[in-house]
Amino acid sequence: MPKKKHTAGKKTYSAIFDFFDAPIVTMDCGKKCAPLNGGEPVCCDTQNAVPVMNRSEYKLLKSRTDMWRKFKPYDAATQKIVDELSADCRAVTCNGARHCERDNRSMSCRTFPFFPYFSKEGELLGLSYYWAFEDRCWVISNMAAVEKKFIDQFIQAYRILFAADQEELDVYIQYSASMRRVFSRWNRSIPVLDVNGGAFLVLPKGRGTRPVQPEKLPKHAPYKNA
């Protein structure tokens with residue numbers, strides 16, 4: 001069965017990038033994780049995460065800057081990432097954190113480590129995170145520090161993207177369902193920052209949700225204490 005194509009164009013990403021510039025937290029969170037990752041922030045290191053853009057986003061950023069280029073796989077795992085991408089997506093890399101141009105960050109750079117979380121009924125409820133990075137990303141262990149302005153811009157940006165691209169919407173609905181399956185197997189609750197700036201837990205095995213104070217959300221090694 002052929003893979004669906006992403007339909008958001010350069011104008012969509014340009015409109016998003018015009019306003020989506022809020023920092024996730026008030027400090028440079030890269031300074032928290034970098035000392036544990038050879039001096040490089042986890043989210044800026046392709047040894048941890050390979051950024052992916054659709055063709056329109058890549059073309060837009062290439063027209064604005066020379067900081068982005070196509071990613072060259074360096075082992076079997078990264079070759080698999082590239083091979084599994086649809087024809088209209090690109091694995092990319094940049095010039096590194098020390099040479100970052102914040103206005104020319106990709107969508108994945110602006111949103112990491114979060115993705116838009118959907119209920120099983122398909123309602124956008126808020127932000128959850130890519131759980132593979134629990135042991136490496138300081139923000140995941142300090143979700144109470146996430147700025148309300150970032151949450152607002154995140155939600156607005158994805159609403160614009162989803163209105164232009166059904167495939168992007170489907171991807172995150174499916175990813176949210178995958179997270180529920182994984183966390184139910186682990187008998188763990190899913191932390192979510194809701195659209196109003198509060199927080200709740202999605203209980204495992206379909207047992208509903210429970211509100212929680214953001215500062216009470218779980219912490220993970222190596223950030224279990226200050």
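At what angle do the axes of helix α6 and helix α7 cross? The axes of α6 (residues 148-164) and α7 (residues 166-185) cross at roughly 120° and come within 5 Å. Axes here are lines fitted to C-alpha atoms, for helices over the stretch in contact, and angles run from 0 to 180 degrees between N-to-C directions. α6 and α7 are therefore oblique to each other. Angles under 35 degrees count as roughly parallel, over 145 as roughly antiparallel, 65 to 115 as roughly perpendicular and the rest as oblique. From α6, Tyr158, Leu161, Phe162 and Ala164 meet Gln166, Glu168, Leu169 and Tyr172 of α7. Contact means heavy atoms within 4.5 Å. By class, this contact has 6 nonpolar, 1 polar and 1 charged residues. Ala, Val, Leu, Ile, Met, Phe, Trp, Tyr, Cys and Pro count as nonpolar, Asp, Glu, Lys and Arg as charged, and the others, Gly among them, as polar.

The model is predicted: local features need pLDDT of at least 70, side-chain atom pairs count only at pLDDT 80 or more, and totals for chains, interfaces and linings use all residues. Residues are numbered from 1 along each chain as its sequence is written, and side-chain values use heavy atoms, with hydrogens and water left out.

The secondary structure comes to 7 helices and 8 strands. Helices (H or I, at least four residues) and strands (E, at least two) are DSSP runs, numbered from the N terminus. The radius of gyration of the protein is 17 Å, close to the 17 Å from the globule rule for 226 residues, so the protein is as compact as a globular protein of that length. This radius is taken over C-alpha atoms, and the rule is 2.2 Å times the number of residues to the power 0.38. Along the principal axes, the C-alpha atoms fill a box of roughly 45 × 40 × 35 Å. Buried residues make up 49% of the 226 residues. Buried means under 20% relative accessible area, exposed over 50%, partly exposed in between (1.4 Å probe, protein chains only). Among contacts between residues at least 6 apart in sequence, 70% join residues at least 24 apart.

Two strands pair if DSSP finds at least two bridges between them. β4 and β5 are joined by 5 bridges, and Pro116 has Leu127 in β5 as its bridge partner. The two strands form a hairpin with 5 residues between them, where Gly122 in the turn has a positive phi of about 85°. In β5, 5 of 6 residues are buried. β5 is joined to β6 by 2 bridges, with Asp194 in β6 as the partner of Gly126. β7 (residues 199-202) pairs with β8 over 3 bridges, and Leu201 is partnered by Arg210 in β8.
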